[in-house]
Amino acid sequence: MWFKNLHLYRLHDSAPLDDGRLAECLPEHRFRPVSGVEARRIGWVPPAAGGDALVHEVMGQHLVTAKAQERLLPAGVVAEELAERVSQREAAEGRPLRRRERLTMKEQIFEELLPRAFTQSRRTDLWWCRKAGMIAVNASSASKAEQMLDLLRQTLGSLKVTPIAVQRPPSQVMGEWLARPEARPEGLIIGDAVTLAAPGGEDGVLRARLFDLDGEEIQTALSLGRIPTSLAIEIDGRVAFTLGDDLSIKGLRFADAVIEEANASDDEEDAAARLEADFLLMAGVLEDAVASLIGWMGGEAQPTA
């Protein structure tokens, strides 16, 4: 259950989540598989394999999991069937079909083929840190994170959250870390990957992997005005990831010491207890890392309207 990505949000009103309301409301929106006439469904599932609890709460840290399932019906399949049927009907009627007739036929084909389409499922975890007033979604993109928040909003009736904003642009701070090693805060280690965008976007982007970011090539690129849009970093020797200029966190990798600490747990036989132990440890590491990041960016800012 170790998170791979984070999209961070400030929770402005915890009332809809407090007093056990989260556990009370989730069962009404429990996941069920898509039916033959549905293209997509999303709902809550137990975070622990084989478990039944939809919420795991450990010392003010809350974990919930959503499952989305959709039917895969490639547009090319529909287009091929449509072309064949249009050709047959035009030949039979001796006239070209109008646009509205084609659209109606396309809708009919979609409805016919949908029940036979394969399904694909995806699980997404959401972490609510009560003390920090923060919600983080383990999603690969902001759009997938927003889908999770939409489900939570629908479940609770209301949810006031905004992406966490900081005083200084992350790209500016990352640029300073690269250009001036002495400006790097204690506990920060620069990794070996960076993406640099040209001013105005005229010359595309420069991507460096497994590269010495303190070398001459990167310094030259910075001197020519290139701006970091992502940077691999490590914090306190506990967690490493790629930081984006939108404050997104991707490719989370926890240090061996953290994993070994988790493996020292005595809960191997109890999936729920093991998940909660791992989750609490992970949440503590990530909470500290996020607090450090926000501090290094000049503190939190009020979100733009």
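Predicted model: local features only at pLDDT ≥ 70, side-chain atom pairs only at ≥ 80, totals over all residues.
After α6 comes Gly225, whose phi is positive, near 95 degrees.

Positive phi values also occur in residues other than glycine. One of them is Leu210, with phi near 50 degrees. Leu210 is found in the loop between β10 and α6. The relative accessible area of Leu210 is 76%, which is over 50%, so this residue counts as exposed. Leu247 likewise has a positive phi, near 70 degrees, and is not a glycine. The place of Leu247 is the loop between β12 (239–244) and β13 (249–254). Is Leu247 buried or exposed? With a relative accessible area of 5%, Leu247 is buried.

The cysteines may be considered next. How many disulfides does a search of the whole structure find? The search finds zero. Cys25 has a relative accessibility of 11% and therefore counts as buried. Cys129 also counts as buried, because its relative accessibility is 1%.

The discussion now turns to charged side chains. Side chains of opposite charge can pair when their charged atoms come close. Across the whole structure, a search finds 19 salt bridges. One of them joins Arg130 to Asp18, with the closest N and O atoms 2.8 Å apart. This pair links distant parts of the chain, since the two residues are 112 residues apart. Arg130 lies in the loop between β5 (118–129) and β6 (134–138), whereas Asp18 lies in the loop between β1 (7–11) and α1 (21–25). Arg130 is partly exposed, its relative accessible area being 39%. Asp18, at 17% relative accessibility, counts as buried.

Another salt bridge is formed by Arg41 and Glu38, whose closest N and O atoms are 3.3 Å apart. Why is Arg41 classed as partly exposed? Arg41 has a relative accessible area of 23%, and this value places the residue in the partly exposed class. Glu38 has a relative accessible area of 17%, which is under 20%, so Glu38 is buried.

Arg180 pairs with Glu182 in a further salt bridge, in which the closest N and O atoms are 3.5 Å apart. Here Arg180 is partly exposed, at a relative accessible area of 40%, and Glu182 is exposed, at 61%. Salt bridges can also share partners: in this way Arg89, Glu93, Arg95, Arg98 and Glu101 are joined into one network.

Methods: Residues numbered from 1 in each chain as written. Heavy atoms only, no water. Helix = DSSP H or I, 4+ residues; strand = E, 2+ residues; numbered from the N terminus. Disulfide = S-S within 2.5 Å. Buried < 20%, exposed > 50% of the residue type's maximum accessible area, 1.4 Å probe, protein only. Salt bridge = Lys/Arg side-chain N within 4 Å of Asp/Glu carboxyl O.
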